[in-house]
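Please read it alongside the sequence and the model.

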Amino acid sequence: MIKVLSSGLYSSIQDKGRWGHRKSGVPLSGVMDRVSAILANTLLGNDIYAPLMEITQTGPVLQFMEATQISITGAGFTPTLDNVEIPLNKRVRVDKDSTLKFGLPSYGVRGYLAIRGGFISENVLGSFSYYPSVTSRAKLHKGDILHFKELSSGNGKITASVKNNVSHFEDEILEVFKGPEFDDLSEEIQQTITSYKLKVLPQSNRMAYILEGLEGLSAKEIITAPVQPGTVQLTPSGQCAVLMRDAQTTGGYARILQLSESAISKMSQKSAGSTVRFKFID
């Protein structure tokens with residue numbers, strides 16, 4: 001078991017998400033940065049989508065009530081175990097009664113703490129991912145007790161580490177496809193949309209990233225239609241939103257672009273004030 005001594009800004013348990021229920025209006029949820037989450041589980045020999053902890057900007061303080069193994073990936077936190085710095089992207093043994101802390105990230109905003117065997121939390125509609133109104137809680141709180149699976153054998157001595165791909169966190173280029181309403185845009189907008197440098201606004205979260213920089217452009221509203229993580233919407237007033245893992249399942253704004261799967265993970269590591277640009281792929 002693990003006791004949460006401090007929850008950090010926004011920490012939650014996530015997995016691959018709640019697939020197959022969008023027709024009922026249930027958001028997908030799941031890890032924001034799949035690349036980093038899969039790496040964390042792989043380092044421990046877990047299933048790649050085993051439930052893990054997603055940490056946003058300010059990490060929690062955790063007390064381990066039993067020994068286990070962990071790996072931490074994603075944003076450039078400086079984690080310490082009993083005040084001794086431990087490496088990112090590597091399997092680390094944790095002794096009973098150890099305390100894990102996180103410094104502020106030097107790059108990116110989301111980190112992933114995987115534990116050998118995976119966390120155990122409330123399973124709703126086939127997923128352990130927290131989501132308000134679907135699960136009983138949206139994020140971790142001080143005093144929470146977390147459980148994880150016990151594994152007694154297999155892959156316990158792997159010590160490989162993986163070098164971070166810095167471009168995943170710092171590259172401002174996001175690969176996109178044309179969205180269903182792209183051809184309804186004016187020819188001028190179609191030809192110039194990739195030339196704009198857009199700024200991430202502070203109100204961005206797990207539901208959507210709000211971008212500044214297209215205020216001079218506009219698109220007509222549409223009859224409510226399906227949307228999904230990575231859909232780029234443009235409003236008549238020029239507000240631009242990139243829908244993320246906790247996004248609603250339908251929307252009434254023009255779906256001008258669609259981020260690739262890897263671009264959604266890159267987007268999720270952008271902090272407020274950072275900039276992005278779109279680039280078309282076939």
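Asn41 counts as buried because its relative accessibility is 1%, where buried means under 20% relative accessible area, exposed over 50% and partly exposed in between (1.4 Å probe, protein chains only). The model is a predicted one, in which local features need pLDDT of at least 70 and side-chain atom pairs count only at pLDDT 80 or more, while totals for chains, interfaces and linings use all residues. Residues are numbered from 1 along each chain as its sequence is written, and side-chain values use heavy atoms, with hydrogens and water left out.

- Asn41 sits in helix 1, helices (H or I, at least four residues) and strands (E, at least two) being DSSP runs numbered from the N terminus.
- Leaving aside neighbours within four places in sequence, the residues in contact with Asn41 (heavy atoms within 4.5 Å) include Asp47, Tyr49, Leu52 and Ala114.

**Domains and their interface**
- The chain is divided into domain 1 (2-167) and domain 2 (171-280), with bounds that come from an automatic or database domain assignment.
- The C-alpha centres of domain 1 and domain 2 lie 28 Å apart, and the contact takes 24 residues from domain 1 and 21 residues from domain 2.
- About 1,700 Å² is buried between domain 1 and domain 2, with carbon and sulfur atoms giving 47%; buried area is the accessible area (1.4 Å probe) that two parts lose on being put together, summed over both.
- Between domain 1 and domain 2 the count is 2 salt bridges, a salt bridge being a side-chain nitrogen of Lys or Arg within 4 Å of a carboxyl oxygen of Asp or Glu.
- The side chains of Arg34 and Glu261 form a salt bridge, at 3.3 Å from N to O.

- Arg110 and Glu54 meet through their side chains in a salt bridge of 3.8 Å, N to O, which links strand 10 to strand 3 (residues 52-56) across 56 residues.
- Arg110 counts as buried because its relative accessibility is 5%, and Glu54 is likewise buried, with a relative accessible area of 1%.
- A network of salt bridges links Glu54, Arg110, Arg206 and Asp246.
- Lys266 forms a salt bridge with Asp171, the closest N and O atoms being 3.2 Å apart; Lys266 is in helix 4 (residues 261-267), whereas Asp171 is in the loop between helix 2 (167-170) and strand 13 (173-178).
- Lys266 is buried at a relative accessible area of 14%, whereas Asp171 at 29% counts as partly exposed.
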